[in-house]
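Subject: Structure handover

Hello,

Here is the structure I promised to pass on. My notes follow below it.

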Amino acid sequence: MIYGFGLAKGMGVTLKALVGPSFTVQYPDRRVGIMGAAKAAGISTPSLLFKHPIKALRAVLGFEHIAVMPTQSSRFRGNDFTWYEDRCTGCASCAKYCPLGIIKIVTLPGGINMQEGESYAIETFDIDTGRCMFCALCVEACPYDALHMGSEFERSNYVRMDLVLTKEDLIAAPKHPSTWFRPQMEEAGYSPFAEALEDMKKAGRHETPTVDELTQTWVKDRRTDEVVED
Amino acid sequence: MPDPFDSILYQYVYCTLSSTDDVACVGSGLFGGGLLPGGLEWLAYVLTAVTIVAVLINAILGGVLMMIWGERRLLGRFQGRTGPNRWGPFGLLTPIADAVKTMFKEDVMPTVSDRLVFTAAPILMLFPALLIYAVLPFGAGTWLADINVALLFIIAIGGANVLAIVAAALGSGNRYAMFSAMRSVAMLISYEIPLVISLIGVLMLSGSLSLVAIVNAQTLPFFIVQPLGFFVFLVASMAELNRTPFDVAEAESEIVAGYMTDYSSMKFGLFFLSEFAATIATSGVITAVFLGGWHGFDPIPSQIWFIGKMVAVLAVIVWIRASWPRLRIDQIMNFAWKALFELTLINLVVSGILLLIWPSPSTTELWYMAGINWVVFLASIYIFGKVLGPKHDPVKAGNIQPDVTLSDSDAPALPTGGGD
Amino acid sequence: MNLENVLLVSAIIFAIGLYGAMTRRNAIILLMSIELMFNAVNIAAVGFSRYTVPTALAGDPVSVTTDMVQSALSGHIFALFIIAAAAAEVALGLALVIAIYRQRETADVSELDTLRG
Amino acid sequence: MPANTAFDTSGEDLATQIEAIASSSVTANGDTDVWVSSDRLLDVMNGLKEAGYEMLIGVTGVDYVGYFEVVYHLLSLSQNKRAIVKVKCGEGRIDPVMPSVLSVWRGAELQEREVYDLMGIRFEGHDDMKRIFLWEGFEGHPHRKDFL
Amino acid sequence: MPLKTEPITINVGPQHPSTHGVFRMRVTFDGEEVIDVEPIFGYLHRGSEKLAESRTYTQIVTLTDRMDYVASMTSNLSFILSVEKLSGIDPSPRGVWLRMIAAELQRIASHLVATGFFLQDLGTLGTPLIYMMRERETILELFERLCGARITNSYMRPGGVFMDAPDDFWPALDRFLADMPHRIDEYEDLISGNEIVAVRCDGVAVVDSQTLIDASITGPMLRASGIDWDLRNRQPYEYYDRVKFNRPLATASDNYARYIVRIHEMRESLGIIKQCLEQIEPGPVRPESVPFLIRPPAGDSYVGTESPKGELGFYLVSDGGVAPYRCKVRAPSLINLTLLREMLIGDKLADLFVTFGSIDINMGEVDR
Amino acid sequence: MDGTIDVVFWIMSAGAIGAALLVVTVKDVFRAALALAGSFLAVAGIFFLLQAEFVAVAQILVYVGAISIIVAFAILLTRDMGQGNQTQSSRFLVVGGGVMAALFVLVAGFVAYDTAWSDRDAALNDNTIAVLNGQYEEVTDASGDIILIASTDTDVAMNGVFSDSTGWLGGLLVRDYVLALQVLGVLLLASIIGSIALVREQATK
């Protein structure tokens with residue numbers, strides 16, 4: 001053994017990294033050189049030089065940047081929720097299964113049949129994402145595929161109250177549901193980063209859930225025994 | 001008193017200002033020279049000195065900023081990252097942004113601190129780092145002062161920054177800082193000795209302590225002729241600079257930030273600045289003493305050669321920083337006293353004998369010397385590694401004995417009570 | 001700048017050192033004062049070397065040899081030896097202070113009075 | 001079915017083993033676990049360590065409202081067996097005290113402190129019996145059923 | 001011989017670059033030498049065990065994520081195994097294989113973090129750490145494909161896993177398996193043969209195996225002292241009896257041994273994943289019969305599993321309700337700290353953190 | 001240029017004296033040490049002005065670089081945790097010490113200014129002055145000895161005795177004063193061994 005050989009070998013590894021690629025993912029934008037700018041603009045480098053000389057100069061000086069979206073899995077659970085109001089019956093399964101109890105649901109009897117016990121009009125549907133740990137048990141619990149995890153993750157905020165997702169927020173937000181626990185979306189090849197899924201019929205396993213399905217199919221699949229209050 | 005015509009820097013500025021009738025000034029200087037009326041030569045002298053010092057200090061600051069950028073960028077690449085690239089072209093403005101941010105930070109003063117000493121420490125730290133530049137020859141004729149004891153001066157001044165570290169530690173009253181100060185003092189006292197002795201071989205070859213004379217004496221760069229001296233000097237100066245693997249004085253994983261723990265704002269900035277200024281200065285000394293200084297081939301100006309060699313030395317220092325872990329303080333002391341000190345003595349004896357054989361060596365004889373010195377270098381490194389190196393063979397990952405077991409049924413019996 | 005001024009500065013620094021050595025009770029400051037006195041002596045030695053004539057060169061030497069010139073530097077040699085001796089003295093003195101501190105928990109010389117009757 | 005229970009020593013075997021070590025210390029036994037009386041605990045544990053249970057895997061306090069129970073999970077590396085020894089910590093809920101097994105296993109040090117901190121069972125013979133997670137002066141013991 | 005100085009007491013932590021979280025030690029130094037250490041816990045105590053008493057078994061899975069947050073898959077697995085034993089659930093084979101793959105990936109990720117921070121404590125300025133984080137990132141991306149989350153996975157459910165792996169998971173896993181051995185070689189080139197690492201770690205904090213066993217210390221620390229004790233092999237759970245793997249052992253029981261054992265265990269884990277891929281079959285990932293709300297019969301259960309840090313086990317007591325009556329975690333991170341004081345005393349200040357890093361603890365699991 | 005040198009000299013002297021005064025008056029030991037380092041630096045400056053570059057650099061190397069740091073180290077080691085580095089002067093000696101120091105300065109100043117020091121430039125012939133000022137050439141005389149004669153060539157002026165004393169000092173140290181040098185080496189070695197023996201822990205403890 002030659003003293004110093006191991007040290008030299010270690011320096012060789014770092015030297016290899018010096019000439020090798022960098023694995024940094026730059027977000028939200030990436031600085032590009034002149035070649036990268038041309039590639040991003042979809043034209044060849046000489047034509048960029050002649051057609052957009054200012055852009056080329058900026059690229060040479062290192063001021064040109066292109067937006068970068070990090071690659072996420074379609075199952076990615078962002079700190080956001082997607083909620084389809086039409087699919088929701090107000091059963092509050094999600095609120096019951098939330099380990100932290102941060103989903104607040106207030107319902108009034110009513111809805112489609114106006115008959116008590118079958119469907120409810122939803123008065124309040126608040127999710128306090130400031131306390132949420134995004135375990136997605138509520139999504140797992142939703143029998144009607146009304147609640148989905150969202151893919152959004154840029155929701156940092158200066159005001160704690162703004163982290164509470166209200167019913168209005170949820171309705172207004174663009175719908176990019178994560179495919180987490182939604183195999184039907186995966187089978188359909190849906191990617192939350194490509195397009196929004198505004199159509200509530202495509203989002204769930206059932207186009208229009210009925211009361212029969214509520215009592216027979218879904219609940220029985222999930223519970224072999226009686227629901228017990230605890 | 002340095003002669004103003006000794007350095008072309010002086011000459012240029014001095015001749016621009018002074019209306020001296022010295023022959024050396026004829027035809028040099030801007031605007032034909034003589035901006036000041038006659039009889040004011042002394043003022044020209046003073047103004048020249050002030051101008052050059054101001055230019056140099058600003059150049060040092062610029063160099064430090066460039067080095068901060070370069071080090072971070074290079075470290076990033078060594079680690080497979082990109083490094084700073086957001087602010088300005090290739091992130092070049094990042095250190096300026098850092099500096100601005102540092103200035104606007106709150107200046108925290110610990111309540112138990114000795115205010116005067118606490119404030120004086122960063123200034124004390126910067127002062128020796130800047131003084132080294134006074135004697136560095138940046139190129140042919142480009143130096144501030146060519147004093148005849150320049151090398152000794154550099155070593156003497158370079159050791160003074162430990163006083164600042166001790167001042168910082170005592171001033172802030174922090175116990176991590178105290179550890180840092182203890183370590184620095186112990187390390188400095190140990191590494192000063194090989195640092196000085198390693199230069200004696202060079203002195204014997206060049207016959208002068210002046211850096212200009214040493215550069216001029218290098219028909220062959222001295223790192224070829226004096227590999228052992230070069231190695232020891234590089235290692236010892238890295239220890240003096242607190243660079244990895246000798247950065248025990250500010251080991252952030254052990255003693256937080258060492259003597260800088262309680263510092264913030266521009267006081268911290270001054271520490272940072274002086275550290276980098278000292279690193280650049282030391283790389284300049286290495287360049288001048290061992291790498292042939294400003295010598296190079298022609299179309300490229302000598303100043304560029306000098307700076308290029310400096311940058312190469314800095315890159316190696318950063319490379320080492322990216323690759324190696326830190327040594328422990330007792331191992332550092334062992335290394336200084338058991339390895340470096342002896343290596344310098346070997347170098348001294350061998351160089352002395354070789355100079356007895358070839359009293360004033362020609363270039364060919366320098367090559368012979370280089371050959372013998374390299375053989376001695378490699379052999380002594382090998383022997384010292386054998387004697388002082390780690391006891392197990394790390395390359396083979398020594399003490400691993402993987403035993404193959406397929407399932408629980410044929411697992412070997414375990415040791416039962418009574419030790420392994 | 002002439003020899004008288006140099007000697008005056010030397011004398012002042014020596015006197016300050018003397019004052020410190022007499023009045024301060026901390027052993028380390030005592031050592032520092034002694035260093036100041038050493039320094040004053042160095043200044044005087046180098047000043048004499050710079051401004052006075054070595055005997056070998058006094059009068060009209062027939063020829064000036066290197067030995068004679070070197071003897072003009074005797075003051076420098078004195079200063080160098082004093083510096084080296086001072087380093088030895090400080091090392092030993094501080095070791096003593098530390099040893100005493102360890103035993104007596106003080107670096108105050110006026111408390112080191114175990115030999116007092 | 002994963003072999004989750006295959007390595008637990010059966011209750012009967014363990015009971016006979018313990019009876020051989022310290023007679024009439026076993027109060028009951030289940031499928032895989034054995035209850036011993038707390039005053040014979042140290043004898044039993046010393047004997048079990050002699051018998052090859054080198055490692056004390058876990059010390060757990062359980063609050064069964066009427067009484068406290070301390071569960072010791074033991075592991076024998078040489079025999080590849082686990083044993084579960086349970087000790088009822090007297091009747092009532094006021095100042096339950098247990099003998100410490102720190103003298104038998106070094107590994108009991110932090111685990112007994114944890115049980116003391118969170119369950120309030122004091123171990124006699126443990127020389128560093130103080131709170132581990134909560135600060136000194138904290139009122140009550142959080143893992144008791146009557147805490148909140 | 002070192003200068004004898006006044007002993008200095010320093011509070012290391014809870015905010016210190018090298019305490020791996022909010023750990024605090026009150027250390028007394030004589031010069032550079034450690035003469036006394038008092039570990040102080042509890043800065044991250046969240047009462048997980050108490051919280052578990054008011055949550056259903058599925059909800060507790062999310063709590064286990066947050067105990068050892070650099071190895072949540074193995075925490076999940078340990079808890080799930082205990083629940084399955086308690087309620088007698090027979091998991092579906094594909095679910096078991098997926099759980100094994102996830103657990104072994106998590107073991108690699110955890111060892112990467114452990115060795116990376118261990119080397120960071122040695123003062124390597126992050127180079128190996130960043131290399132290792134790069135590979136950990138690949139694993140986390142695999143987890144993201146698998147379950148949508150990177151750190152706090154909540155992937156496993158009683159009876160299996162909640163969802164089958166997506167189609168794009170398998171090629172990504174294959175790429176990782178093909179790439180990772182070279183990466184481990186790279187780490188070994190960078191660090192294992194490094195003389196500075198050797199002189200720093202050799203013979204530091206040596207504990208003999210008998211003391212380790214007596215102090216209930218398990219996992220790589222125990223294996224680094226030459227004791228061949230790996231629960232995956234000795235007391236196989238899941239399908240670990242159907243895969244073949246070596247157990248790297250070192251005899252030195254010093255910091256270097258603990259490091260090198262982890263490096264070699266990563267290679268073995270890769271082998272296990274490959275064998276899992278060969279044996280995995282299509283099928284449901286969770287048996288249909290397992291209800292969402294589990295009500296195990298009254299009783300108790302304990303299953304010890306080999307987490308990356310040592311034996312992790314959940315002692316569950318059920319009274320027949322939907323939530324456990326008592327849930328106790330046998331946390332290897334806490335129990336492996338039993339010998340901290342003995343390991344540190346007599347060493348230098350610099351070795352304090354290296355030794356601490358070589359134990360590989362996670363404050364989330366220590367304090368729970 | 002002489003006027004400039006005078007000004008610099010007085011600045012340096014004032015610095016050295018002021019720092020020295022701080023050393024003996026400041027309460028805090030570490031501040032005293034810092035002042036001491038400053039005083040040493042100023043004295044080194046005076047050495048530079050006296051054309052003793054090597055001595056000046058040796059002063060910086062040994063005093064500023066080593067002795068100050070060892071003093072600081074000793075302060076670190078003997079620091080009283082309770083009251084920091086504070087220390088007192090003994091009250092009764094202050095007056096006596098001050099009077100004695102003032103008397104010493106008076107006497108020494110009187111001697112310095114009263115003595116008619118042999119002026120170098122007046123006592124020597126032109127050749128010797130030129131040689132001492134560095135304007136000389138080396139010539140081998142008839143008997144084979146090297147003698148130095150005055151030169152008018154400005155190029156060799158840089159190699160004068162005082163402007164490049166390093167080489168000459170080296171010659172003196174290894175020839176005329178070699179015994180003293182060796183004795184000094186023994187002294188240093190003895191002091192190192194002595195210091196180690198003093199601060200070493202007792203093996204029997």
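Accessible areas here come from the Shrake-Rupley method with a 1.4 Å probe. With that in hand, chain E exposes about 8,800 Å². Carbon and sulfur atoms supply 51% of that area. Please keep in mind that this is a predicted model.

**Chain E**

Chain E holds 15 helices and eight strands. Its C-alpha atoms fill a box of roughly 70 × 45 × 35 Å along the principal axes. Does the radius of gyration agree or disagree with a compact globule? For 368 residues, such a globule would have a radius of gyration near 21 Å, and chain E has 21 Å, so the two agree.

Burial is counted under 20% relative accessible area. By that count, 74% of the 368 residues in chain E are buried. Contacts in chain E reach along the sequence too. Take those between residues at least 6 apart: 71% of them join residues at least 24 apart.

Charges next. Chain E carries 38 positive and 51 negative charges. Their mean positions are 4 Å apart.

**Chain D**

Chain D has three helices and seven strands. From the N terminus, the order is α-β-β-α-β-β-β-β-α-β. The radius of gyration is 15 Å, close to the 15 Å that the globule rule gives for 148 residues, so chain D is as compact as a globular protein of that length. Its C-alpha trace spans about 45 × 35 × 30 Å along the principal axes.

Buried residues account for 58% of the 148 in chain D. Of its contacts with a separation of 6 or more, 48% are between residues 24 or more positions apart. The accessible surface comes to about 5,800 Å², and 51% of this belongs to carbon and sulfur atoms. Chain D has 14 positive and 24 negative charges, with mean positions 3 Å apart.

Two backbone spots in chain D deserve a look. D:V65 is not a glycine, yet its phi is positive, at about 50 degrees. This valine lies in the loop between β3 (55-64) and β4 (67-76) of chain D. D:D95 also has a positive phi, about 45 degrees, and is not a glycine either. The loop that holds D:D95 runs between β5 (81-88) and β6 (97-99) of chain D. Is D:D95 buried, exposed or partly exposed? With a relative accessible area of 45%, D:D95 is partly exposed.

**The nonpolar cores**

Which residues have the most contacts inside the largest nonpolar core? They are B:Y191 and C:M32, in a core of 198 residues. Helix α3 (residues 53-77) of chain F gives the most to this core, with 17 residues.

- B:V235, B:A236, B:A239 and B:E240 are among them.
- B:F246 is another, along with B:I332 and B:F335.
- B:A336 and B:L340 are also in contact with B:Y191.

A second core is separate and has 163 residues. Its members include A:L165, E:A205, E:M221 and E:Y240.

**Chains A and B**

In chain A, start with A:I34. This isoleucine lies in helix α2 (residues 34-41). Not counting residues up to four places away in sequence, A:I34 touches A:T45, A:L48, A:L49, A:A56, A:A59 and A:V60. How far is A:I34 from A:A141 in space? Their C-alpha atoms are 51 Å apart, and the two residues are 107 apart in sequence.

Chain A also has a cis peptide bond. The bond runs from A:Y27 to A:P28, with omega near 5 degrees. A:P28 lies in the loop between α1 (5-19) and β1 (29-31) of chain A.

In chain B, look at B:Y14. This tyrosine sits in helix α1 (residues 8-17). Its relative accessibility is 8%, so B:Y14 counts as buried. B:L47 is 33 residues from B:Y14 along the chain, and their C-alpha atoms are separated by 8.1 Å.

**Where to look**

Best wishes

Note on methods:
Residues are numbered from 1 along each chain as its sequence is written. Chains are lettered from A and ligands numbered from 1 in the order in which they are written. This is a predicted model: local features need pLDDT of at least 70, side-chain atom pairs count only at pLDDT 80 or more; totals for chains, interfaces and linings use all residues. Side-chain values use heavy atoms; hydrogens and water are left out. Helices (H or I, at least four residues) and strands (E, at least two) are DSSP runs, numbered from the N terminus. The radius of gyration is taken over C-alpha atoms; the globule rule is 2.2 Å times the number of residues to the power 0.38. Buried means under 20% relative accessible area, exposed over 50%, partly exposed in between (1.4 Å probe, protein chains only). Contact means heavy atoms within 4.5 Å. Lys and Arg count as positive and Asp and Glu as negative; His and the chain ends are not counted. The place of a charge is taken as NZ of Lys, CZ of Arg, CG of Asp or CD of Glu. A nonpolar core is a set of buried Ala, Val, Leu, Ile, Met, Phe, Trp, Tyr and Cys residues joined through side-chain atoms within 4.5 Å.
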